Amino acid sequence: MTAAAEGSPPFRVTGARRSPLLQSEAAQGFALISPTFLYALILLVLPILVVIAHSFWTQDYLTIDHTFTLENYRIALTEPIYRDLLWRSLYISLTVSLLTVALAYPIAYFISFHGGRHKSLWLFLITIPFWTSYLLRVMSWKVILGYNGVLNSGLMGLGVIDEPSTALLYNSSAVIITLTHAWATFAILPIFVSLEKVDRTLVEAATDLGDGPARSFLRVTLPLSAPGVISAALIVMIPTVGDYVTPKLVGGKAGVMIANAIQAQFGKASNWPLGAALSVTTMVIVSLMAGATVLVIRALQRLAR
C-alpha cells in the first residue's frame, strides 16, 4: 500500500479537475488579454466616470460641492448659447463627414481599381501631409483663406473680385473646409481597404449580365464597400465634434463650437461641473447620431440591393 501510495501522482486528480476550466482556450485567451483590458479600462472608462461624477456636482470658484444636482444639465440643454453651439457643432461635424467621404471615395476607388502596381506609392503620397503638424496644416488654410491670402489674391488677379473678400475666413465655412482637408486621409484609408475586399469577379459578372458602369457600381461595388464608408464617416464625425483648435484659429466668433465652450469652462471660467455636463451631453448626442448614421447607411445599402 505504501509503494502504491508513493507511486501515485498526488496532484494528478486535482490537475484533472482544473484542466477543463484553466486549460481551456477561452480561459487562456482571457488570461492573455485581461491585463491589457484592465489597462484600457483604467485609461478610458475611469476618466469618463470622473467626468460624469463632476457633471452632477456644483462649483463655487475653487470649492466643489458634491451635492447631487441636475442644474448643470438644465443649463447645458436650455441655455440658448450652449444649445446653439451644440447644434452648430453637430451641423459642422455632419457636413464635414459627408464632404470628406464624398471626396475620399473617388480617390480610394481610383487607387483600388486603377492603381495597379503603384497602389503603395499612391497611399504613401496621401500620407505626406501628415508629416507636418496638425497645427501647421490649419495655419496654412488661414494663409490661403485670409484677407490678403492666396485665394483672394488669385481671385483678384483673375478679375473675379475687385477687393479682398472677408467672407472666406472666420466663419463656419472656413472650419468645414479646414476640417475636410485635415481628415481626408482618415476617410480614404478605410474606404480603400473596403474596396480592396470587393470581389472583382462580381463586378465582371454584373457587366456580363448587361449592367453598365454606373449600375454595376451602385448594385455591386457601393454596397460591398459600405462598411468602409460607415467607418470613414464615423472616424471623421466623432472627433470633429470635439475639435476646438480649428474653430479657434479659423472660425472666429461665427465658427465657435461646443468644444471651445467646454475648454473655457475647464479653463478661464473654472466651472468644471458645467464643463463636464456639456461634455457628457455632447458625448451622448454624438453617440446617438453615430448610431443613427450607421442605421441610415445600412438602410440605403439594403435599398440598393
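These legends accompany views of a predicted model.

View 1. Along the principal axes, the C-alpha atoms fill a box of roughly 110 × 70 × 40 Å.

**View 2. Surface and burial across the chain.** Accessible surface totals about 18600 Å². Carbon and sulfur atoms account for 70% of that area. Of the 305 residues, 35% count as buried. Take the contacts between residues at least 6 apart in sequence: 67% of them join residues at least 24 apart.

**View 3. Helix 5 against helix 13.** Helix 5 spans residues 80-114 and helix 13 spans residues 226-241. Their axes come within 8 Å and cross at roughly 145 degrees. The crossing is right-handed. From helix 5, the contact takes in Ser89, Leu90, Ser93, Leu94, Val96, Ser97, Thr100, Val101 and Tyr105. Helix 13 meets them with Val229, Ala232, Ala233, Val236, Met237, Thr240 and Val241. By type, the residues of this contact are eleven nonpolar, five polar and no charged.

View 4. Tyr73 lies in helix 4, residues 71-78. Tyr73 counts as buried because its relative accessible area is 15%, and the cut-off for buried is under 20%. Leaving aside residues up to four places away in sequence, Tyr73 touches Ser55, Phe56, Ala277, Val280 and Thr281.

**View 5. From Tyr73 to His114.** These two residues are 41 residues apart in sequence. Their C-alpha atoms are 52 Å apart in space.

How values were computed. Residues are numbered from 1 along each chain as its sequence is written. This is a predicted model: local features need pLDDT of at least 70, side-chain atom pairs count only at pLDDT 80 or more; totals for chains, interfaces and linings use all residues. Side-chain values use heavy atoms; hydrogens and water are left out. Axes are lines fitted to C-alpha atoms, for helices over the stretch in contact, and angles run from 0 to 180 degrees between N-to-C directions. Helices (H or I, at least four residues) and strands (E, at least two) are DSSP runs, numbered from the N terminus. A crossing is left-handed if the near helix is turned anticlockwise from the far one by less than a right angle, and right-handed if clockwise. Contact means heavy atoms within 4.5 Å. Ala, Val, Leu, Ile, Met, Phe, Trp, Tyr, Cys and Pro count as nonpolar, Asp, Glu, Lys and Arg as charged, and the others, Gly among them, as polar. Buried means under 20% relative accessible area, exposed over 50%, partly exposed in between (1.4 Å probe, protein chains only). Accessible areas come from the Shrake-Rupley method with a 1.4 Å probe; for residues, only the protein chains shown count as cover.
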